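Let's take a friendly walk through a protein model, one topic at a time. Keep the picture in view as you read.

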Amino acid sequence: MSGRNFAAIIFFAIVAVFLAFGALMMHPFGEFDEENYPEMDQYIIDNTQNETGADNGVTSVVFDYRGFDTLGEATVLFTAVAGVVLLFRRLKK
Amino acid sequence: MIGMSKIVRTITSAVFPFVMIYGLYVIAHGHLTPGGGFQGGAVVASSLAMILVAYGSVWVVGRIKEKHLSILESLGAIGFIGLGFLGIILVLFYSSYEGSFFKNFLIGQNTIPIFNEIGKGLSNINTAGVLPLMNFAVGLKVIAGLFVIVLVMAYATRVKEGK
Amino acid sequence: MIYNVPYIAVVALVLIGLYAIVFKRNLIKIVIGILLIENGVNLFLITLAFRQDSTAPIYHGTGSRLMSLPVPHALTLTSIVIGVAVLALMLSLVIHIFRHYGTLDARKIGREEE
């Protein structure tokens, strides 16, 4: 086998071993004990109706508590549309 | 892209208004039920893509100019950023107002009687301040953006007749 | 160990996508591999938001139950939209490459000096 195939197999084996060890040593699915208790999310769940007035917790996080991330995502969507229209401007005959 | 047969065109014209109304319902009730701007915008854009597949891209491009779609998308983006800046601009008018970027300024006040209640879980649509207006702006942006992508890629790679 | 099945599914998705990127030659198959990795990362984000015996983080009526965490749901929404934008740009570039070179083999394009 050539040099490129050999290096590719070594790289793939190293990444697979790391990911398999990481998956087996995570904390059990759905249990939160004393050392990783979610304080920020508990505050958001308790005070959504008083401060925001919405019933939907996910919408209040997307638009009110973390509205800056939504601004960045709107910019990415606008840039992608502009790029696609620019690339196909000469093939429109 | 060539259109499809007469049966497909008839059924698509009959189903298209219902899918569009369902998508607009998901956008409008984004602060009460699961959904919001991005999810409802994807539903409406997929209904427009169904029209594009059934009728052919040459027929659709003859009806809709691309300039109008890009104006719609820019209106959605300007509306979203403008609602974020209004939290700061209100400090210039009322000097005792504590404002910041993206502040919810329509809640708990009595001068503008729209969207200013605090909900108690009984699905009142008059609640949640700035959030429904932001949902409409982002929904408009997603509808126009996804439809322009599909339309431009389908029109530029069509197979020419003859040759 | 039976309770770690979602994490094993995430690792399987990422490894299959990585295999498609490294060992395949067709450009469309490489694009599909990138899409598989991105979907695996979205599944991992949603898996971290679950509590035992909890429900969706939406209020209806009075009284409240144990709810899931809402912040990873919001991050996953942003990630899905960014994935759509990247996919649109990748497919436009693949169409242009096919028109210019006439082939879709990843080892035959871009070599001008030989």
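## Chain B at a glance

Chain B is built from five helices and zero strands, and from the N terminus on its elements run α-α-α-α-α. Here helices (H or I, at least four residues) and strands (E, at least two) are DSSP runs, numbered from the N terminus. This is a predicted model, in which local features need pLDDT of at least 70, side-chain atom pairs count only at pLDDT 80 or more, and totals for chains, interfaces and linings use all residues. Residues are numbered from 1 along each chain as its sequence is written, while chains are lettered from A and ligands numbered from 1 in the order in which they are written.

What is the radius of gyration of chain B? It is 20 Å, whereas a compact globule of 163 residues would have a value near 15 Å. (The radius is taken over C-alpha atoms, and the globule rule is 2.2 Å times the number of residues to the power 0.38.) Along the principal axes, the C-alpha atoms of chain B fill a box of roughly 75 × 35 × 20 Å. Of its 163 residues, 33% count as buried. A residue is buried if 20 or more other C-beta atoms lie within 10 Å of its own, exposed if 12 or fewer, and partly exposed in between, with C-beta atoms placed from the backbone.

## The nonpolar cores

A nonpolar core is a set of buried Ala, Val, Leu, Ile, Met, Phe, Trp, Tyr and Cys residues joined through C-beta atoms within 7 Å. The largest one has 49 residues, and Met134(B), Ile143(B) and Phe147(B) have the most contacts inside it. Elements from chains A, B and C each give two or more residues to this core, including H3 of chain C. H5(B) gives the most, with 14 residues.

Phe147(B) is in contact with Ala45(B), Leu48(B) and Leu69(B), leaving aside its neighbours within four places in sequence. Two residues are in contact if their C-beta atoms, placed from the backbone, lie within 7 Å. A second, separate core of six residues includes Tyr7(C) and Leu18(C).

H5(B) has 26 residues and reaches 38 Å from its first C-alpha to its last, close to the 38 Å expected at 1.5 Å a residue. The expected span is 1.5 Å times one less than the number of residues. Because 19 of the 26 residues of H5(B) are buried, this helix is largely enclosed by the rest of the structure.

H4(A) has 21 residues that should span 30 Å, and its end C-alpha atoms are 31 Å apart, which agrees. Its buried residues include Gly67(A), Leu77(A) and Val84(A). Seen down the axis of H4(A), the buried residues fall within an arc of 130°, so they line one face of the helix. (The arc is that of the directions from the helix axis to the C-beta atoms.) The face turned away from the buried side carries exposed residues, among them Phe68(A) and Thr79(A).

Most residues other than glycine have a negative phi. Phe102(B) has a positive phi near 60°, and its place is in the loop between helix H4 (66–93) and helix H5 (131–156) of chain B. Is Phe102(B) buried or exposed? With 21 C-beta neighbours inside 10 Å, Phe102(B) counts as buried.

Asp53(C) also has a positive phi, of about 60°. Asp53(C) lies in the loop between helix H2 (27–47) and helix H3 (71–101) of chain C, and with 7 C-beta neighbours inside 10 Å it counts as exposed.
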